[in-house]
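Let's take a walk through this protein together. Have a look at the sequence and the fold before reading on.

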Amino acid sequence: SSGFGAWGAAIQNKVTFVAGPTTTKVKSSNDGQNIITWGRASGSALGVTYVRYFTSTRLVVDVDTIMNQKFAWSWNGGSSTTCGDPNRYDAQNILVHELGHWLGLNDFYSGGYVNNTMFGYGSKGETKKSSLTSGDILGALAIYP
């Protein structure tokens with residue numbers, strides 16, 4: 001909820017996120033059920049978000065985020081600027097990044113974006129993606145004016 005709250009506040013609640021029931025799903029599928037789950041993701045991806053939409057209307061119909069269970073994770077809950085374990089990936093740090101994809105934002109890989117939430121790489125112990133930069137916010141506001 002903290003990750004959704006960060007994005008909701010940034011875009012002045014122009015998009016409403018509503019928590020649904022828990023699920024036992026661990027794979028992405030185009031079933032109209034938006035999920036966030038621990039599961040398998042290919043290669044070295046820490047998390048993967050699948051956004052499905054109708055191309056004619058650009059209406060999003062299904063979004064799934066899979067957090068890669070093959071990596072060691074920690075959770076600071078957003079209440080700290082440091083990860084609970086410097087040898088693990090911070091789940092909130094990566095999840096806030098993945099939620100940016102829910103809003104339509106892409107990854108950035110050039111050095112000028114290294115401190116942005118939407119920078120496409122994460123590191124063990126990193127928590128800077130838990131809070132948004134002005135670049136992340138402006139990107140979202142360009143989509144949701």
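## A word on "buried"

A residue is called buried when its relative accessible area is under 20%. Keep in mind that what you see here is a predicted model.

## T117, tucked into a loop

So where does T117 sit? You'll find T117 in the loop between α2 (91-102) and α3 (134-143). Its relative accessibility is 0%, and because buried means under 20%, T117 counts as buried.

Who does T117 meet there? Setting aside neighbours within four places in sequence, T117 is in contact with W7, V96, H97, K128, K129, S131, L132, T133 and D136. With S131 there's a polar detail too: a polar atom of the T117 side chain lies 2.9 Å from the backbone oxygen of S131.

## The sheet

Next up is an open sheet of three strands, in the order β1-β3-β2, with mixed pairing. β1 (35-39) and β2 (47-53) stand at the edges with a single partner strand each, so one side of each has no neighbour in the sheet. From one strand to the next, the twist averages 20°.

β1 and β3 run parallel and are joined by five bridges. For instance, W38 has M67 in β3 as its bridge partner.

## I66, inside β3

Strand β3 covers residues 60-68, and I66 is part of it. Is I66 buried or exposed? I66 is buried, with a relative accessible area of 3%. Leaving out residues up to four places away in sequence, I66 touches V26, K27, S28, I35, T37, G39, R40, L46, G47, V48 and Y50.

How far is I66 from S131 in space? C-alpha to C-alpha, the two are 20 Å apart, and 65 residues apart in sequence.

How values were computed
Residues are numbered from 1 along each chain as its sequence is written. This is a predicted model: local features need pLDDT of at least 70, side-chain atom pairs count only at pLDDT 80 or more; totals for chains, interfaces and linings use all residues. Side-chain values use heavy atoms; hydrogens and water are left out. Helices (H or I, at least four residues) and strands (E, at least two) are DSSP runs, numbered from the N terminus. Buried means under 20% relative accessible area, exposed over 50%, partly exposed in between (1.4 Å probe, protein chains only). Contact means heavy atoms within 4.5 Å. A polar contact is a pair of N or O atoms within 3.5 Å; within protein, one must be able to donate a hydrogen and the other to accept it, and residues adjacent in sequence count only if both atoms are side-chain atoms. Two strands pair if DSSP finds at least two bridges between them. Axes are lines fitted to C-alpha atoms, for helices over the stretch in contact, and angles run from 0 to 180 degrees between N-to-C directions.
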